[in-house]
Amino acid sequence: MKSQIIQIAATYLMPFLLVLSLVVFYRGHNEPGGGFIGGLIGGSAIILYAGAYGLEITKKLWINRPTALIWIGLAMALLSGFFAYLTHGSPFMTAVWVQIGSGPFALKVGTPLLFDLGVYLTVMGMLVKVVLTVMEEVL
Amino acid sequence: MTTLLAILIGFLFSVSIYLLLRRSIVKLVLGLLFLSYATSLLLFVTGGLTVGKPAFVESQTQIASKVVSDPLPQALILTAIVIGFGVAAFAMVLIYRFHRETGTIDMDELSETNQK
Amino acid sequence: MILFLPIIIPLFFVALLIMMRKNLRLQKWLSAIGVLLQLFAAVTIFTEVRASGTIFSQAGNWPAPFGISFFADYTSAIVLIAVSFVALWIHIFSFGAIDRTRQKFGLFVLFQGLLTGINGALLTADIFNLYVWFEVMLISSFVLISLGATKSQLRGAVKYVVMNLFGSALFVSAIGIVYGQLGTLNMADIALKINQQGLNLPLNSAMMLFFIAFGIKAAVFPFYFWLPSSYPAPPVAVTAFLSATLTKVGVYVLIRFYSLFAFHQAEFWQPIIYGIAAITMVSGVIMAASAYDIRKILSFHIISQIGYMIMGLGIFSVFGLAGALYFLVHNMLSKTTAFMSAGLMQQKYGTFDLKKMGNLYRLHPYVAFLFLIPALSLAGIPPTSGFFGKFLLIYAGFSAGAWIVTISALVVSIFTLFSMVKIWNEAIWKPLPEDVPVHDEKRMNRTSVFASSVMAFSSLLFGFAITWFFDVFIRAGEQLVNNQHYINAILNP
């Protein structure tokens, strides 16, 4: 059941959804959004693609590495907890913030951002892994 | 409003328990989903209801100048939803395996006496 | 920082093992190394607890009632060491006892995930965080039980999943009620507020919901029916792991919650707990007497022995709580050894059915001896650890004047001995039935035999070194009886 309309739509929508997921992820610290919802949007981009083109083609996508995404995300979230311990000796998961640049282009990065990126990757990997595995079994 | 929501929570719980007690495994999973919705709503209501006050502080200020709603229950619900997401994924696969193993969705297929 | 290590290490190994998923041989040894590291972390925590009584830390450096506290006293340190120790040897046992297909589908990842949840649940001092760790634990155990997806496993998994998710829903509802009433989630802060204002009706009903939620996890009387069908279903190493950890964490949390919050209403709770303890003991042991599958018998005994621990909780004196904890650790060690030797018998005979076994004493005297140690220990013959555990509990029971529950504990001991004698007679003494083919070519896995021997030896040692352990457990009981220790350690450091 391959529809031309969905295929063309998916081709254009997938990069758009991936970028959108990154935007939602980045604005998450002070406004609604965050790693979890960003990961869901990013994962749904790949699932949309799989729905349009089938599993075989989706497996060849470079971004479709769910297992790698899961472990990299987990490791990232864990590592983010160590920074404060190494620099200040504070307990696990204490936040460390660094400001890069100033004025309108100021960028505040810190360990919560790294943690959230870990969440983003893990959620995306998990969602894609679950849905694609079920698709493979059922279809 | 709280009373109304309390009645709704009770209704959701009764729906979920009714579904859990059915023989069909699909309804069992639906019951589990309803159970998680009911508990999320319960968490939300027990935190106290505030009308039209989002749980955000204006940017540039550290402390809220006016009353905001308690963000903690919302964070708890989010966590509960995330966990529910994982559990739902597991339950779906469990149904699927069940169907492949027995060919039905009837829970009675599982019953077996101890004497083989 | 040391308090976070038992959580960080297994989580890190989850990531590492997913990365190494292609290399099975490396994966299993890495996983064992991970558990060994956890054991070191647990021992370090225990030495620090011995030095200062309690230790605590705030995740993210947020101050006490607002951030998530992590806390260890004697009780959590003891259970932590026991869990890591048992997990290490079950890991090594499972190298030879679980088929490669299951290992390939992430058995060790799940073991590590389960350990993350357990260690988190033992160390956290925040009720919602406790819920999260419970879910981590549950999801891993769901998959562990259904991994392999045979029909009996599916049957067990459906019951297990439904009962435990229902328990979790009650747990979250109770958290909501407590938060609505007291406006805090920190266990020390809740205990302080309850100390000040007492348990009112909504709080006490929340306590009832907590009790049911943990009762389902610990498999106490009205909620145990999922256990006999789901625990015997997976391979025996998984069963041993689940029985040594999951149900015991349920008991640990029951002890923690009762000693922090619910003891204010002792006149309401004590009769309930005594009744539940007595019925749990008696019904577990009676069901065990009717079963003819080793795993089923041992699973029913899990239920029966949970009753003893609950009884110690109900007595709520220093000796009662120390006895409950001692019995809990004894049960982890002995029950795991018993399950392991049952697994060895299954490797020999290809079945768990007692009717199709026999003559083990001739064929493998060493395995017969390995089964004898936990059997005597579970029945409570001196000088094994089971005897001292029951002695402490029964002494505390008679001092507290809890006649009915204590006498039923004594009677249940005799029935436990009966079950163990049944297994002994059927599998070990009796000549091999005529119609059963002899599997001389089937050998037992050496690694598994080694792991079982270590467990049997440590179970013996736990009884022989009672004089040293006694002091530690009494201190644990003293800390539990007075919840000021907990409150002061976290709120006024």
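## Two helices packing in chain C

Let's start in chain C, where helix α7 (residues 151-182) packs against helix α9 (residues 201-218) at an angle of about 155°, the axes sitting 8 Å apart. Keep in mind that this is a predicted model. Angles over 145 degrees count as roughly antiparallel, so that label applies to α7(C) and α9(C). As for handedness, α7(C) and α9(C) make a left-handed crossing.

Who meets whom here? From α7(C), the contact takes in Met163(C), Asn164(C), Gly167(C), Ser168(C), Leu170(C), Phe171(C), Ser173(C), Ala174(C), Ile177(C), Val178(C) and Gln181(C). Across from them, α9(C) brings Pro202(C), Leu203(C), Ala206(C), Leu209(C), Phe210(C), Ile212(C), Ala213(C), Ile216(C) and Lys217(C). Sorted by class, the residues of this contact come out as 14 nonpolar, five polar and one charged.

## A closer look at Thr416(C)

Staying in chain C, Thr416(C) is part of helix α18, which covers residues 403-429. Is Thr416(C) buried or exposed? The cut-off for buried is 20 or more other C-beta atoms within 10 Å; Thr416(C) has 24 of them, so it counts as buried.

Leaving out residues up to four places away in sequence, Thr416(C) touches Val285(C), His301(C), Ser304(C), Leu378(C) and Ala379(C). There is also Ala289(C) to consider: 127 residues separate it from Thr416(C) in sequence, yet the C-alpha to C-alpha distance is 8.5 Å.

## Chain B on its own

Over to chain B, which has three helices and zero strands. Its pattern along the sequence reads simply α-α-α.

Chain B is 116 residues long, and 24% of those residues count as buried. What about sequence range? Take the contacts in chain B with a separation of 6 or more: 57% of them are between residues 24 or more positions apart.

## Where chain B touches chain C

Now for the two chains together. On the chain B side, 25 residues are in contact with 23 residues of chain C. Helices α2 (25-46) and α3 (71-102) of chain B each supply at least two residues of that chain B side. Which element gives the largest share? That would be α3(B), with 13 residues.

The class breakdown for the side of chain B that touches chain C is 16 nonpolar, six polar and three charged residues.

Note on methods:
Residues are numbered from 1 along each chain as its sequence is written. Chains are lettered from A and ligands numbered from 1 in the order in which they are written. This is a predicted model: local features need pLDDT of at least 70, side-chain atom pairs count only at pLDDT 80 or more; totals for chains, interfaces and linings use all residues. Helices (H or I, at least four residues) and strands (E, at least two) are DSSP runs, numbered from the N terminus. A residue is buried if 20 or more other C-beta atoms lie within 10 Å of its own, exposed if 12 or fewer, and partly exposed in between; C-beta atoms are placed from the backbone. Two residues are in contact if their C-beta atoms, placed from the backbone, lie within 7 Å. Ala, Val, Leu, Ile, Met, Phe, Trp, Tyr, Cys and Pro count as nonpolar, Asp, Glu, Lys and Arg as charged, and the others, Gly among them, as polar. Axes are lines fitted to C-alpha atoms, for helices over the stretch in contact, and angles run from 0 to 180 degrees between N-to-C directions. Angles under 35 degrees count as roughly parallel, over 145 as roughly antiparallel, 65 to 115 as roughly perpendicular and the rest as oblique. A crossing is left-handed if the near helix is turned anticlockwise from the far one by less than a right angle, and right-handed if clockwise.
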